[in-house]
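Please look through the structure below, with its sequence beside it.

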Amino acid sequence: MTTTDSTVGAAVADGLATITLARAAASNALDTETKQGLLDAVRAVASDPAVRAVLLTSEGKNFCVGQDLAEHVEALRADAGTAMKTVGVHYNPLIQALSGISVPVVVAIRGACVGAGLGIALAGDIRVAGNGAKFATAFTGIGLASDSGLSHALVNALGYSRAMGLMLTGDRITAEEARAWGLVHRVVVDEEVETTARDLAGVLAQGPTEAYRRLKQLLRAEASGLLDALERERVAQEALGATRDHSAAVEAFLAKTQPVFEGR
């Protein structure tokens, strides 16, 4: 299987599926085309019996900066009440499909891994980060809560206090901090991220696949509750997407000014 559109590529060779975010000029921001392309690629890989491991990677300096806010502000201007429908239409199915892949998923991360980009990375199994990578949730900065499974993934990975701290403050953490906190498996120099992650995924693609599948089932069962979390996130984001604070914050972001929150 080899598929490529303008924003996402997918190929399978020697049991290893490679899915590539290919919107480098926009820091792999998630517009509708990219979200749908990524969902289609993940579903195709998940159903391919030849796939024994997956590498999720990206082109350019940044892994993914999350939702494309330029596209999002257009949706808000058109109808703020429906602008956040993308959570149920795109993000929830994507996270379910990615986390539901039965074989190991290795994620290669360079540069910014933010918002829904972080949620996508955490839906994989093993993360290899470059030493220049930065991680953040970013949602509260534009008057939102969380989506892409982050409320579930961060609490499971970090515990309540650290997860809430990252969510409330929007603080960025470094690759070394992410490794120390357990968000990434390995940190290498930026230039070696792709090679290191691909080599690791290649080894897994030649390993005891059925044992890996069973192991993944066991560990995922211990971190159950994702589907409930995705639904709660959808309800919260759709409500917050219609608030004045969110609309004003997104407009301020695009204008490169500081948002003023009114609490409504």
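Arg179 is partly exposed, with a relative accessible area of 40%; buried means under 20% relative accessible area, exposed over 50%, and partly exposed in between (1.4 Å probe, protein chains only). Glu176 is partly exposed too, at 41%. The side chains of these residues, Glu176 and Arg179, meet in a salt bridge with N and O 3.0 Å apart. A salt bridge here is a side-chain nitrogen of Lys or Arg within 4 Å of a carboxyl oxygen of Asp or Glu. Glu176 and Arg179 are three residues apart in helix α7 (residues 175–181), which means that about one helical turn separates them. Helices (H or I, at least four residues) and strands (E, at least two) are DSSP runs, numbered from the N terminus.

The model is a predicted one: local features need pLDDT of at least 70, side-chain atom pairs count only at pLDDT 80 or more, and totals for chains, interfaces and linings use all residues. Residues are numbered from 1 along each chain as its sequence is written, and side-chain values use heavy atoms, with hydrogens and water left out.

How many salt bridges does a search of the whole structure find? The search finds 14. In one of them, Arg77 pairs with Glu251, and the closest N and O atoms are 2.7 Å apart. Arg77 belongs to helix α2 (residues 69–78) and Glu251 to helix α11 (residues 244–255), so the pair ties together parts that are 174 residues apart in sequence. Arg77 counts as exposed, at 57% relative accessibility, whereas Glu251 is partly exposed at 31%.

Another salt bridge joins Arg234 and Glu231, with closest N and O atoms 2.6 Å apart. Both residues lie in helix α10, three residues apart, about one turn of the helix. Salt bridges that share partners join Lys85, Glu231, Arg234 and Glu238 into one network.

Helix α10 (residues 226–240) can be checked for length. The expected span of a helix is 1.5 Å times one less than its number of residues. The 15 residues of α10 should therefore span 21 Å, and its end C-alpha atoms are 21 Å apart, which agrees. The buried residues of α10 are Leu226, Ala229, Leu230, Glu233, Gln237 and Glu238. They cover an arc of only 160 degrees around the axis, so they lie on the same side of α10; the arc is that of the directions from the helix axis to the C-beta atoms. These buried residues pack against α3 (86–99) and α5 (150–158), where contact means heavy atoms within 4.5 Å. On the other side of α10, Asp228 and Arg232 are exposed.

The strands come next. Strand β3 (residues 16–21) is mostly covered, with six of its six residues buried. Leu16, Thr18 and Thr20 point one way from β3, while Ala17, Ile19 and Leu21 point the other way. In a regular strand the side chains alternate between the two faces of the sheet.

Strand β2 (residues 8–13) pairs with β3 in the antiparallel sense over six bridges; two strands pair if DSSP finds at least two bridges between them. Two residues lie between the strands of this hairpin, and Asp14 takes a positive phi near 55 degrees. β3 also pairs with strand β4 (residues 53–58), in the parallel sense and over six bridges. From β3 the chain crosses through helix α1 (residues 32–46) to β4, and this β-α-β crossover is right-handed: with the strands pointing away from the viewer, the path from the first strand over the helix to the second runs clockwise.
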